[in-house]
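Work through the exercises below with the sequence and the structure side by side, and try each task before reading its solution.

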Amino acid sequence: MKNMSQNYNTANNDDRFQMRAEQTPKRERILAAALKLFAHEPYQAVTMDRVAEAAGVAKGTLYLYFPSKDALYLGILSDGLDGAYRIQQSSADPKLPLIERVRRSIAVTVEFYDQRRDFLRFYATEEPRLAEARNRIIEAARERNFNFFASLIEEGIRNRVFSPVDPRLATFAIQGSIRQLLLFYGPSRPVSELSRELGNLMLTALGANSVPNYKPVSSL
């Protein structure tokens, strides 16, 4: 009787797993499976057969989404960087005070990448054959990210929310701080706490704490 119950539970678990897999868009499953492989193995060791098997799709289906391994590799890079930009934009609700928008944008960027450590590992690797295409994607994302933060800082300077600092310098400081925190700080404190504190440090450097009657709306 016990074995029958165990078999029944196992079957149910398998069915639930299959249902979840079917509900996940195939492209997302492919990208997630490929990212896991590329993040932990050399480019040459990853094959389209292995990606298809890990993603639970037919090899022909994989090629419908990504016609080559090179396209898949670059697709992972684009998808991750695009995701970070989308979450930055969604955090910067124009209805919120500018200070809160900057704070949230820093926090969600840190937390987005922290939750995607495989992507950070993948991002740090290089495939010489794809260097030119890879650099184009990265440079476009950096410029987009730079313009996002720079526009917030310039708005703050115009409205006298921030001190009259160099917007480019301030943006480089924010981007560099986020990168250093993700790469080198370590797991000794909760990331949500660290990201809020980093936001506070950056806002203090911008002169936000000298604004009369400043009150943060809320934490994330």
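## Exercises on a predicted model

The model used here is predicted.

**Exercise 1.** Classify the aromatic pair formed by Phe-146 and Phe-172, and find which helices it ties together.

*Solution.* We begin with the general idea that two aromatic rings are described by the distance of their centres and the angle of their planes. The structure holds 12 aromatic pairs, and in the one formed by Phe-146 and Phe-172 the distance is 5.1 Å centre to centre, with 50 degrees between the planes. Since planes under 30 degrees apart count as stacked and those over 60 as edge-to-face, this pair is tilted. Next we place the two residues: Phe-146 lies in helix α8 (residues 131-158) and Phe-172 in helix α9 (residues 167-184), so the pair ties together parts that are 26 residues apart in sequence. Finally, we turn to accessibility, where Phe-146 is buried at a relative accessible area of 13%, whereas Phe-172, at 44%, is partly exposed.

**Exercise 2.** Determine whether Arg-101 is buried or exposed, and describe its surroundings.

*Solution.* We first locate Arg-101 in helix α6 (residues 98-114). Its relative accessible area is 10%, and because buried means under 20%, Arg-101 is buried. A polar atom of the Arg-101 side chain lies 3.2 Å from the backbone oxygen of Leu-96. If residues up to four places away in sequence are not counted, Arg-101 touches several others, among them Asp-93, Leu-152 and Glu-155.

**Exercise 3.** Find which residues of α10 are buried, and what they pack against.

*Solution.* Reading along the helix, we find that the buried residues of α10 are Leu-194, Ser-195, Leu-198, Gly-199, Met-202 and Leu-203. These buried residues pack against α6 and α9.

Key. Residues numbered from 1 in each chain as written. Predicted model: local features only at pLDDT ≥ 70, side-chain atom pairs only at ≥ 80, totals over all residues. Heavy atoms only, no water. Phe/Tyr/Trp six-rings, centres within 6.5 Å; stacked < 30°, edge-to-face > 60°. Helix = DSSP H or I, 4+ residues; strand = E, 2+ residues; numbered from the N terminus. Buried < 20%, exposed > 50% of the residue type's maximum accessible area, 1.4 Å probe, protein only. Polar contact = N/O pair within 3.5 Å; in protein donor to acceptor, adjacent residues only side chain to side chain. Contact = heavy atoms within 4.5 Å.
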